[in-house]
Amino acid sequence: MLREKLGKELLFFDGGTGTILQEKGLKAGELPEVWNIEQRETIIQLHTDYLNAGCNIIKTNTFGANHLKFNENTTYQLEQIIVAAIENAKEAQKNCNSQKDTYIALDIGPSGKLLKPMGDLSFEDAYELFSEVVKIGVSCGVDLILIETMSDTYEAKAAILAAKENSNLPVIATMIFGENKQLLTGGNVLSTVALLEGLGVDALGLNCGLGPVQMKDILKEMLSYASIPVVVNPNAGLPRSENGKTIFDVTPEEFSASMKEFVEMGASVLGGCCGTTPNHIKMLVDTCESMAIKEVTNKEITVVSSYAKAVVIDEVPVLVGERINPTGKAKFKQALKDNDLEYVLREGLTQQERGAHILDVNVGLPGIDEVAMMEQVVPELQSILDLPLQIDTSNVEAMERALRIYNGKPLINSVNGTEEVMEAIFPLVKKYGGVVIGLALDENGIPTTASGRIEVAKKIYETAKRHGIQKKDIIIDALAMTISSDTSSAKVTLETLQRIRDELHGKSTLGVSNISFGLPQRSIINANFFTMALYSGLNVAIMNPNSEAMMQSYYSYLALMDKDEQCNNYISHYAGVKEDTIGTKSTSLSLGDSIERGLKEGAFEATKELLKTTKPLDIINQELVPALDRVGKGFEKGTVFLPQLLMSAEAAKTAFEVIKTQLATTGQVQEKKGKIILATVKGDIHDIGKNIVKVLLENYSYEVIDLGKDVAPEVIVETAIKENVLLVGLSALMTTTVVNMEETIKQLRKAKPDCKIMVGGAVLTKDYADDIGADFYGKDAMATVTYAESLNLLTSHR
Amino acid sequence: MEKVEITRKEVYRYLGYKNGLIDEKTKDMIESCIKELEQIAMPKFIYQVYPLSVSGNRIDFSVFQTNSKHLGINLKGCSKVALFAATLGIQVDLLIGKYSKLEVSKAFFMQAIAAAMIEDYCNYYQHIIEKEMEKEGLYARPRFSPGYGDFSLEHQKEITSILNTPKTIGLTVTDTLILAPAKSVTAIIGFSTTKQHCHKHGCEVCKKIDCEFRR
């Protein structure tokens with residue numbers, strides 16, 4: 001069996017396919033997979049040559065075979081192409097003179113599409129695309145699945161899930177890195193290894209993009225992180241163009257010399273990619289075959305990742321921002337109920353700016369569909385932030401959905417020592433990958449002694465091990481319980497931390513601020529306890545990075561414990577900050593002036609000042625709206641330009657936020673002038689214009705239901721009916737998507753005739769808007785405001 | 001690779017400022033946005049040269065064929081053609097997307113800067129290609145992109161597939177013919193043995209004369 005050989009003996013892949021077919025006459029733009037049928041002999045010969053060269057694994061000629069390229073509208077169907085590809089490979093196995101055990105890899109390359117939100121392929125559609133290929137491949141009898149040349153970890157994840165959920169075959173995934181040691185989508189070596197290993201591939205590695213020389217450093221790094229066999233399939237050097245032809249320069253001799261080094265470094269599966277030939281592979285096999293394989297060792301490294309960043313949990317403690325959690329936060333609860341994701345995003349961004357390394361995400365709230373909310377919030381956060389996330393839910397379904405769509409290896413919050421919870425969560429951790437927090441409590445409750453908690457920790461480690469989850473992927477929560485109900489509880493927690501470190505040699509976490517529940521001035525206790533906990537070995541602090549006292553404890557601890565080189569971190573945060581000036585900025589500008597000049601801080605301070613003397617609604621009517629009107633008029637006249645209009649709008653928005661917070665304390669809400677739906681139409685993935693309109697409409701007190709971009713007509717119609725909306729704004733950027741705008745209008749007219757429709761976007765004109773049946777063409781953002789103001793959008797029932 | 005200077009004048013034009021009415025504060029903001037973008041952009045390009053034959057509107061790139069009056073005029077007298085694609089990379093989209101949700105004024109600045117930036121990079125890359133082709137005694141015509149005149153956007157598909165751009169530079173096309181990453185260009189560059197001094201491109205060849213960004 002191949003799986004038993006991986007990492008135990010050196011194995012060899014074949015070399016390039018596409019480049020050789022080009023030599024043999026494949027035209028630019030022609031799909032190589034068609035040759036499985038039309039030039040069958042050529043393909044069989046190529047496989048045979050590689051087998052005769054001594055490789056163990058041949059890749060089927062199916063790199064680009066997927067439903068996007070082969071479907072009802074093409075000469076050949078996907079199934080025909082894949083079946084033929086595998087038959088060809090089998091034929092070559094029969095024809096060749098190799099004495100070795102040889103294997104056929106079902107080759108799966110990238111879809112050629114970018115995944116949402118940047119492109120138009122959804123994660124689940126990508127999964128379906130790959131599943132179809134896997135199912136056909138498996139039914140024909142391949143030996144393994146090779147997912148290769150992936151430059152996007154998210155797409156790789158979709159392919160790996162497709163492979164694993166539709167087969168029991170070994171799965172190998174290799175990625176294409178640039179010379180900057182990054183994937184095109186921004187991932188680095190460690191974040192990539194973390195994700196691939198987490199998903200349980202049998203081997204991972206590098207292919208294409210670079211020659212062996214350029215790959216060496218990347219490979220070295222990869223080998224230092226990977227606990228599973230590493231594959232390396234380089235190109236024959238970097239491509240260059242000569243007379244319109246792409247040339248790869250590295251000779252078989254040079255190629256095999258580099259590969260020899262790679263074996264010594266620890267690579268265990270070797271082959272070639274673009275530009276390599278049977279000669280390269282023959283020389284590679286001849287040179288390396290008799291070499292000893294370097295044993296694959298388990299790397300004791302605890303790491304979580306996002307699509308772009310890896311966070312190592314080790315000597316230097318890491319901070320998990322706890323603010324994305326509705327518990328005890330009225331404003332957050334309201335935001336979730338209103339589906340106000342912007343609020344959630346801002347909480348995330350602020351914490352990142354404050355220094356959080358990971359963000360906890362908890363959206364559990366009675367009356368909220370947690371599964372749906374999790375599915376919405378996780379990709380949304382990942383679209384604006386590159387921090388790894390901590391998925392925090394006790395809803396198993398929400399957990400599974402979040403783990404599935406998360407791009408990276410997340411922190412998982414949490415399991416505890418109860419059988420039921422561990423049996424529910426560990427299989428998910430095993431399947432999707434992740435580092436999981438284990439609360440040191442079980443069926444018998446929270447142990448009151450450190451010894452009791454250590455025992456639970458051991459039980460968690462053992463159960464995890466039974467599920468195939470290593471200790472390095474478990475972080476024990478030593479449990480901070482408030483000292484206001486038991487004054488010895490901090491001592492127990494600290495002792496537990498020390499014993500996790502010293503006896504269990506494990507990793508620990510705490511929800512730090514729980515320690516002070518029920519006490520006044522909690523930040524004093526929290527910050528001091530935090531220092532003590534860090535000193536006792538705390539690895540992962542779940543805390544509020546917006547608390548300056550907590551951050552002071554953190555940076556001081558790092559500086560004092562020789563974990564901050566030359567105190568650089570400490571200095572960069574606190575040099576130049578006068579001790580008594582934190583948080584005492586002042587401004588002399590009026591609110592109106594601040595808005596007109598587009599000064600957010602000024603608007604913030606001025607509103608706070610005004611609130612001391614003036615009623616919130618008076619501020620809105622006497623200061624805010626007149627200032628906005630002045631800017632708007634200036635814009636219409638051409639004395640104010642769009643950037644200034646936007647900065648003013650944002651300053652006004654800041655002022656509104658301050659007022660909203662004030663109103664919330666007295667349970668009041670600002671009167672709205674009605675609901676407006678905004679959406680970028682189906683097929684269109686650009687939404688700056690729509691977002692500009694949104695900011696302006698909100699300032700004029702409209703409740704904007706922002707459906708985002710690439711929105712299907714049906715969704716817009718459904719929402720308009722459900723929310724009884726009387727004005728819909730649609731944006732489209734391209735002539736190719738205006739058809740979807742027209743379709744949306746048609747459907748809206750039929751289903752909700754009392755609804756007005758305004759349209760805008762780069763390619764639209766007044767005539768065009770009339771043609772497709774819109775009520776109004778917004779030539780710019782202000783025009784849409786003027787139009788909305790001319791309508792009465794208030795409905796009798798809200 | 002050397003750093004390509006972003007043409008400020010074009011940035012201001014995309015932002016809607018006409019004739020230098022821009023204030024210092026806004027200029028500072030633009031400069032800080034430029035820095036932020038320059039840090040994360042990963043500009044890349046790819047091209048391939050093919051034999052070309054043009055007879056009237058009928059254009060044969062040898063790897064694909066099309067009919068286009070406007071491109072026919074552009075390529076008249078050319079014997080070779082470069083298929084060209086360039087992108088600033090996905091990180092630019094991510095950054096603009098982030099600000100588009102959280103600080104739309106900044107997103108607006110950034111998309112204007114990125115629009116100017118991709119043009120500047122394309123000019124820089126074209127210069128590299130021109131130098132290479134001049135060795136063969138061939139001189140370039142202005143870049144001509146799908147969507148110009150009657151040269152259909154559909155041809156983005158052929159260009160990206162022939163240059164294998166999803167793999168080589170990470171550039172894809174959506175079903176609705178939008179390039180993703182957004183700040184990207186596909187184009188045709190004709191080459192002939194005669195130098196052509198009148199390099200018209202961009203607005204000058206565009207038929208949409210009521211465009212507010214027209215130079």
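**The sheet of chain B**

Modeller: B:Asp60 has B:Gln65 as its bridge partner in β4(B). Please keep in mind that this is a predicted model, in which local features need pLDDT of at least 70, side-chain atom pairs count only at pLDDT 80 or more, and totals for chains, interfaces and linings use all residues. Residues are numbered from 1 along each chain as its sequence is written, while chains are lettered from A and ligands numbered from 1 in the order in which they are written.

Two strands pair if DSSP finds at least two bridges between them; the strands (E, at least two residues) and helices (H or I, at least four) are themselves DSSP runs, numbered from the N terminus. The whole sheet is open, with 3 strands in the order β2-β3-β4 (chain B) and antiparallel pairing. At its edges stand β2 (53-55) and β4 (65-67) of chain B; each has a single partner strand, so one side of each lacks a neighbour in the sheet. On average, neighbouring strands here are turned by 10 degrees against each other, direction ignored. As for confidence, chain B has a mean pLDDT of 89, with 89% of its residues at 70 or more (pLDDT is the predictor's confidence in each residue, from 0 to 100).

Now for the partner chain. For the model, ipTM is 0.88 and pTM is 0.92. The contact between the chains takes 41 residues from chain A and 41 residues from chain B, where two residues touch if their C-beta atoms, placed from the backbone, lie within 7 Å. On the chain A side, α13 (341-354), α14 (370-384), α25 (642-665), α26 (688-699) and α28 (735-751) are the elements that give two or more residues. Of these, α25(A) gives the most, with 5 residues. That side of chain A has 19 nonpolar, 14 polar and 8 charged residues (Ala, Val, Leu, Ile, Met, Phe, Trp, Tyr, Cys and Pro are nonpolar, Asp, Glu, Lys and Arg charged, the others, Gly among them, polar).

Chain A itself has 30 helices and 25 strands. Its C-alpha trace spans about 90 × 75 × 50 Å along the principal axes. Among the contacts in chain A with a separation of 6 or more, 75% come from residues 24 or more positions apart.

Some backbone details of chain A deserve a look too. The peptide bond from A:Lys116 to A:Pro117 is cis, with omega near 5 degrees, and A:Pro117 sits in the loop between β3 (103-108) and α6 (123-140) of chain A. Another cis bond joins A:Asn413 and A:Ser414, with omega about 15 degrees; A:Ser414 belongs to strand β16 (residues 411-416) of chain A. A:Thr149, not a glycine, has a positive phi of about 55 degrees and lies in strand β4 (residues 144-150) of chain A. A:Thr149 counts as buried because it has 23 C-beta neighbours inside 10 Å. A:Gln566 likewise has a positive phi, near 50 degrees, but is found in the loop between α20 (548-560) and α21 (568-574) of chain A. With 8 C-beta neighbours inside 10 Å, A:Gln566 counts as exposed.

Conventions. Axes fitted to C-alpha atoms, helices over the stretch in contact; angles between N-to-C directions. Buried ≥ 20, exposed ≤ 12 C-beta atoms within 10 Å, placed from the backbone.
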